[in-house]
Structure formats: structure tokens, C-alpha cells
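Please find below some notes on the model that we discussed. They are set out as numbered points, so that each can be checked against the coordinates.

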Amino acid sequence: MHSNSINKKILMIVLAVALLIGSLTGISGNGSRSVPGGQRKQSESAQKSAYNTQKVAAAEKSTMKVHYIDVGQGSAVLVQSGKHFMLIDGGDRNASSKVVSYLKKQKVKKLDYIVVSHYDADHLNGVVGALNVFKVNRVIAPAYSTDSRVYQSYCNIIAQKKIATTRPKAGKKYKLGKARFTILAPNRSSYTDENNYSIALKLVNGKNRFVITGDAETESEYEMLEKGRNLSCDVYMAGHHGSANSSSQKFLQAMKPKYTVISCGADNNYGHPSESAMSRLKAIGTKIFRTDVQGTIVASSNGSRIKWNKKPSGLWSYREYGSNALIGTDGSKSQISGNDTSGSADAGKPSPSLATGQKYIGNVNSKKFHLPSCNGLPYEKNRVYFESISAAHKAGYSPCGLCHPEG
């Protein structure tokens, strides 16, 4: 008995020692390892960090393509992230079928979004075509109206198909597949120049960033700067087709784009791209692509690098208003032949005849005055005629931002 008692005591001591060692080494009674609270939190933090790293790596491997479609004097951009698509504007009427055909070639069956930057004909006509052909989940369009046939057609198809329409809110973020985009502008509810209603947005895929601003001019650009929007980007689509009134110096300095894409027509006489805009772009060292001389431009982003379907253009030539000739930095003029698809709902029709002395056409609703050749002329019932620019100003009308009647 004495021997058994000693053996029991020895066994109990051994068990006690084993339990003590287990508690010190983190082995619980069921054989699993227990982790003290502090170590557990550190472990969970490390796991979360590793998970986030994996997410970033996955995002960097995702492919986003941005197609700057050559629509002549206008704008149309298709964004593709995986099997998700977004169309930003659609060019003018003569480009509508080209845009639809191009989307079909990219195997588009449904558009997650259509973004209508604003309602100028050279941005809106092709949108109407796309709305008629493709299923569209949502349209994002500015909160103003205009008096034009194409705008009425746009409103009709939206109502007919009961397509959800959202007004832009600066700072609002959206997802497109593994990519995302943020609304940068407009930042006010009312503007004198309709171009400043343009929706500007920033596309992000991994580390790659693209900024598209429609026809937004300096007023809207400065508002984006004042609001502290993060404008830094790899690729910038030149505002208003390279107009003198866009791509301001401060705006470009905030973006610092490595690449700039200019969408304009080979035969346009609107002064696109302008000498001053090209000079500012050249000064920041950006590389340029131009649809008027290179056709459709495609950027492919894998989240860390961007590849292009063409090499950057070395052509820094510009145009002056009223002429479609390209003017080189040395003052030499040249002509680039191309299929300029500019035109309006009245494309192919002669300009309206004016009575003697009448040179400008005003829109009684928008209080804008136009050249007779402008793509954005109102219906006849909403027109008023002026003999001079000063007469239009005295009547309270301001110049159209599309045809620039003041030159």
C-alpha cells in the first residue's frame, strides 16, 4: 500500500508538471494550441494584412480596357472591366452606327452604365443609338435640359425603356467589375455655359488612373481644384477636344498625366486642338495620342502598367478656329485627310436661310446665340435672329460653347 501511495503521488506530480508545461507552451487540454490575447490580435492583424495584400495583387492582375473610339469631331469612350462595360458619350449622328458596331465587336451585350457627359450633339447622338440597341442598367446624366431634336430623342428612349437615370453627385463612387470610378464634377447646380455641366470622372484599376472631363471648361476645372478632388492620373482625355478654354495650367499640374488622348475630327474647323492647349500639354511633358491622325486609341491596364494599341503621336500641330488645316509649331500648314463624322440631327441639310442682315440664331430657352452652321440649333419655334454679336449681347444672350460665334 505504501508503494502504491508513493506511485500515485509521483503520477500526480508528473501530471501537474505536464499541465504546467502545457500552459507555458500554449498547449490546451484538448491538444490544440492556445494563443494569449495580445498574440492573437497580432496574428489576426497579420492575417488581415496578408488578405489585403492578396486583394491588391488580385486587383493589379485585373484587366481594364479604355477604348477612345474615333468618332470624328466628337467623343465616345468604351470602358471594359472583365465582362462589365460602360459607355461614356457616343459621338455625333454620323458616328452612331460606327459606335454600335464597335461595341458589338467588343462583344458588348449589356452596358452597366452609360454616362452622358452633357447634351451637345457630338456627344449625345451616338448614345441614343446605343440605348436603342443594348440593354442598359443605368444612365448617369447631368441635371439640365436643352432644346434640340437629339435631346428629345434621348428623353423619349429613356422613358420608353424605363431606364434608371441618376444625376451626378461629386464624390460618389461606383464599381465596374474590379475597377471603380468616382464623379469629379459638376460641383454646382447651375452654369451659364452648358459645357460646365459636363460630368467629369476618374477611373481607377489597381494603381492605374484615368480622368475624363467631357467638355468641362476652366470654370469647372477650377471648381474641382477648389473642392480638393484627387486629380492625379496616368491618362487624361483632353477636355473639350483640346479646346483653348480647357486643360488649364493649374488643372494639368494637379493631374500630371503621363499620357493625354485628344478626341477631335480630322476636318473640324472649331480650332481643336488649339495652340494654347497644345502648348500647355507640351509644357508638362505628357505624351499625346490623337484620334484625328491615329484613329481609335485603346489603353489596356493590368492594374500596374498600361499598354497601348499604338505609339504616342509626335504631332503637336494645332488648328485655328474657322480652318481645318493643321498648323505646325514652325507655322507651316498641312492637311490631314480623314473621315470627319461631325454632323447633327440635321446633318446633310443646308444651313437655314437668313434674311438680309441676320447673322446669328438665338435660342429663346437657353439664351445662347449660334452660327447658322452650328450642330446645336434649336427648333424653329424657339429661334430669334440677330444682326450682330452686340445685338445678341444687348438682348441678354451669350455665345454658344459649341460653335463659338465670337471666334
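Predicted model: local features only at pLDDT ≥ 70, side-chain atom pairs only at ≥ 80, totals over all residues.

Residues are numbered from 1 along each chain as its sequence is written, and side-chain values use heavy atoms, with hydrogens and water left out.

1. Asp 70 is located in the loop between S1 and S2, where helices (H or I, at least four residues) and strands (E, at least two) are DSSP runs numbered from the N terminus. Buried here means under 20% relative accessible area, exposed over 50%, and partly exposed in between, with a 1.4 Å probe and protein chains only. A salt bridge requires a side-chain nitrogen of Lys or Arg within 4 Å of a carboxyl oxygen of Asp or Glu, and for charge Lys and Arg count as positive and Asp and Glu as negative, with His and the chain ends not counted. Leaving aside residues up to four places away in sequence, Asp 70 touches Lys 98, Thr 291, Gly 295 and Thr 296, contact being defined as heavy atoms within 4.5 Å.

2. Strand S1 (residues 64-68) is largely enclosed by the rest of the structure, because 4 of its 5 residues are buried. Two strands are taken to pair if DSSP finds at least two bridges between them.

3. Helix H3 (residues 96-105) has Ser 96, Val 99, Val 100, Tyr 102 and Leu 103 as its buried residues. Seen down the helix axis, these fall within an arc of 160°, so they line one face of H3; the arc is that of the directions from the helix axis to the C-beta atoms. Ser 97, Lys 104 and Lys 105 are exposed on the other side. The buried residues of H3 pack against S1, S2, strand S3 (84-88), strand S4 (110-115), helix H4 (121-133) and S14. Following the helix, Lys 107 has a positive phi, near 65°.

4. The structure holds 5 salt bridges, and Arg 188, Glu 219 and Glu 223 are linked in a network of them. Glu 219 pairs with Arg 188, the closest N and O atoms being 3.1 Å apart; Glu 219 lies in helix H6 (residues 218-226) and Arg 188 in the loop between strand S8 (179-185) and strand S9 (200-205), so the pair ties together parts that are 31 residues apart in sequence. Glu 223 also forms a salt bridge with Arg 188, with closest N and O atoms 2.4 Å apart, and this pair likewise links distant parts of the chain, 35 residues apart. Their accessibilities deserve a look: Arg 188 is partly exposed at 39% relative accessible area, Glu 219 is partly exposed at 36%, and Glu 223 is buried at 8%.

5. Arg 209 and Asp 234 meet in another salt bridge, at 3.9 Å from N to O. Arg 209 lies in strand S10 (residues 208-212) and Asp 234 in the loop between H6 and strand S11 (235-237), so the pair ties together parts that are 25 residues apart in sequence. Arg 209 is partly exposed, with a relative accessible area of 26%, whereas Asp 234 is buried at 18%.

6. An open sheet of 4 strands has the order S20-S18-S19-S21, and its pairing is mixed. Strand S20 (383-386) and strand S21 (398-399) stand at the edges with a single partner strand each, so one side of each is left without a neighbour in the sheet. Strand S19 (residues 368-370) runs parallel to S21 and is joined to it by 2 bridges, Ser 398 in S21 being the bridge partner of Lys 368.

7. A search of the whole structure finds 0 disulfides, a disulfide being a pair of cysteine sulfur atoms within 2.5 Å. Cys 155 counts as partly exposed at 27% relative accessibility, whereas Cys 264 counts as buried at 0%.
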